[in-house]
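Trainee: I have just opened this one and would like a walk through it. Could we start with a term I will need, and then go from there?

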Amino acid sequence: MDALSYKTQFLKKGTIKRDWTLVDAANIPLGRLASCVALRLRGKHRTDFTPHLNCGDKVVVINAAKVKLTGNKWDQKVFLYHTGYPGGQKAPTYRMIRQKNPAKVIEIAVKGMLPKNRLGRDLFRNLYVYGDDQHPHAQQNPQPLTLHIR
């Protein structure tokens with residue numbers, strides 16, 4: 001056997017082929033949905049995964065308003081952030097965030113599971129979240145992804 005046949009093949013920026021994936025978030029727990037979506041965005045489901053490149057799929061999530069949180073998390077879980085002004089710390093509950101923008105709940109969860117660097121910001125741009133079942137990406141023909149989650 002030749003030692004050269006065992007070399008790891010890395011992708012290059014010009015050779016990456018991205019697919020479009022459609023995920024229905026209705027009645028799926030938020031954390032499990034977010035981990036599956038983050039895995040697809042990162043590209044870890046591919047055999048030619050390259051850790052330092054954006055080689056993942058573009059993911060469209062529909063029915064974000066119907067995502068499930070277990071227990072009393074809709075009222076007890078808060079999202080802390082600061083506006084940058086004195087006294088500007090905000091702590092809305094997830095129910096308040098969902099009423100204002102249903103897509104934001106999934107975006108927060110997925111963003112927390114991506115790398116905290118330039119690559120993570122680039123990966124997050126491939127996520128499209130919509131509150132209902134209508135989306136403007138039908139032309140890209142996204143392939144539906146069935147999540148086998150209990």
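Mentor: Let us start with burial: a residue counts as exposed when its relative accessible area is over 50%, as buried when that area is under 20%, and as partly exposed in between. Please also keep in mind that what you see is a predicted model.

Trainee: Okay, so is Gln134 buried or exposed?

Mentor: Gln134 has a relative accessible area of 54%, so it is exposed. You will find Gln134 in the loop between strand 5 and strand 6, the latter covering residues 143-145.

Trainee: And how far is Gln134 from Ile62, going by C-alpha atoms?

Mentor: Their C-alpha atoms are 7.2 Å apart, although 72 residues separate Gln134 and Ile62 along the chain.

Trainee: Let me step back a bit. How many helices and strands are there?

Mentor: The protein has five helices and six strands, and reading along the sequence gives the pattern β-α-β-α-β-β-α-α-α-β-β. Its C-alpha trace spans about 65 × 35 × 30 Å along the principal axes, and 35% of the 150 residues count as buried.

Trainee: What share of the contacts comes from residues 24 or more positions apart?

Mentor: Among contacts with a separation of 6 or more, such residues account for 68%.

Trainee: Now the core. Which residues touch the most other members of the largest nonpolar core?

Mentor: Those are Val61 and Ile106, in a core of 28 residues. The elements giving two or more residues to this core are helix 1, strand 2 (58-62), helix 3 (94-100), helix 4, helix 5 (118-124) and strand 5 (127-129). As a general point, nonpolar side chains tend to be buried together in soluble globular proteins.

Trainee: What does Val61 contact, leaving aside neighbours within four places in sequence?

Mentor: With those neighbours left aside, Val61 is in contact with Val23, Ala25, Val37, Ile106, Leu127, Tyr128, Val129 and Tyr130.

Trainee: Which residues of helix 4 are buried, then?

Mentor: In helix 4 the buried residues are Ala103, Val105, Ile106, Ile108, Ala109 and Val110, and what covers them includes helix 1, strand 2, helix 3 and strand 5.

Trainee: At what angle do helix 1 and helix 4 cross?

Mentor: The axes of helix 1 (residues 30-42) and helix 4 (residues 102-111) cross at roughly 60° and come within 9 Å of each other. The two helices are therefore oblique to each other, and their crossing is right-handed.

Trainee: Which residues meet there?

Mentor: From helix 1, Leu30, Leu33, Ala34, Val37, Ala38 and Leu41 meet Val105, Ile106, Ala109 and Val110 of helix 4. Sorted by class, this contact has ten nonpolar residues, with no polar and no charged ones.

Trainee: Changing topic, where is Val78?

Mentor: Val78 sits in the loop between helix 2 (73-76) and strand 3 (81-82), and it counts as partly exposed because its relative accessibility is 40%. Leaving aside neighbours within four places in sequence, Val78 is in contact with Ala91, Pro92, Thr93 and Tyr94.

Definitions and conventions:
Residues are numbered from 1 along each chain as its sequence is written. This is a predicted model: local features need pLDDT of at least 70, side-chain atom pairs count only at pLDDT 80 or more; totals for chains, interfaces and linings use all residues. Side-chain values use heavy atoms; hydrogens and water are left out. Axes are lines fitted to C-alpha atoms, for helices over the stretch in contact, and angles run from 0 to 180 degrees between N-to-C directions. Helices (H or I, at least four residues) and strands (E, at least two) are DSSP runs, numbered from the N terminus. Angles under 35 degrees count as roughly parallel, over 145 as roughly antiparallel, 65 to 115 as roughly perpendicular and the rest as oblique. A crossing is left-handed if the near helix is turned anticlockwise from the far one by less than a right angle, and right-handed if clockwise. Contact means heavy atoms within 4.5 Å. Ala, Val, Leu, Ile, Met, Phe, Trp, Tyr, Cys and Pro count as nonpolar, Asp, Glu, Lys and Arg as charged, and the others, Gly among them, as polar. A nonpolar core is a set of buried Ala, Val, Leu, Ile, Met, Phe, Trp, Tyr and Cys residues joined through side-chain atoms within 4.5 Å. Buried means under 20% relative accessible area, exposed over 50%, partly exposed in between (1.4 Å probe, protein chains only).
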